Amino acid sequence: KQWYQRRVREEEVEDEESKDVAEVIRMHKEKQAKLAEQMLSMTSNLKQVSLAARDIIQQDNKKLSGIQDVVEKNSTKLTRETSKLEGYNKSSSKCWVWSLLFVVMVIFIVMVVFIRLFPRKR
């Protein structure tokens, strides 16, 4: 009789332990399932973010190449206009020199005429 009671108790304890182990295993499986779902959602979010970043980078590269073309065109125009301005500066400086020389000559002639017309009084 004692042996039978002990055996029944042991079976009850084993049943409880097996229920506890089954419960622990079930909880772990639930946690693993939740973690797997979270990882899947995170990877899909990461994929969306990386695709969006790729699209933005491609658009920026297109804009940069367009800007680079505009900069090259502007730099060639700038060198052309600079050479034109240098030409104008050279010709205008010659013009100024000739005009100043002409003004000096006119002043000299006017002074000579003025001295002849109005001589000094002694």
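A: A residue is called buried under 20% relative accessible area, exposed over 50%, and partly exposed in between, with a 1.4 Å probe and protein chains only. This is a predicted model, in which local features need pLDDT of at least 70 and side-chain atom pairs pLDDT 80 or more, while totals for chains, interfaces and linings use all residues. Residues are numbered from 1 along each chain as its sequence is written, and side-chain values use heavy atoms, without hydrogens and water.

Rings of Phe, Tyr and Trp (its six-membered ring) pair if their centres lie within 6.5 Å; planes under 30 degrees apart are stacked, over 60 edge-to-face, and the rest tilted. By this rule there is one aromatic pair. Phe114 and Phe118 form it, tilted, with 5.2 Å from centre to centre and 55° between the planes. Phe118 counts as exposed at 57% relative accessibility, whereas Phe114, at 46%, is partly exposed.

As for the rest, the protein has one helix and zero strands, taken as DSSP runs of H or I (at least four residues) and E (at least two), numbered from the N terminus. Of its 122 residues, 0% count as buried.

Two salt bridges are present, each needing a side-chain nitrogen of Lys or Arg within 4 Å of a carboxyl oxygen of Asp or Glu. One joins Glu81 and Lys84 at 3.7 Å, N to O; these two are three residues apart in helix 1 (residues 2-117), about one helical turn. Glu81 is partly exposed at 39%, as is Lys84 at 40%. Another links Asp55 with Arg54, their closest N and O atoms 3.5 Å apart.
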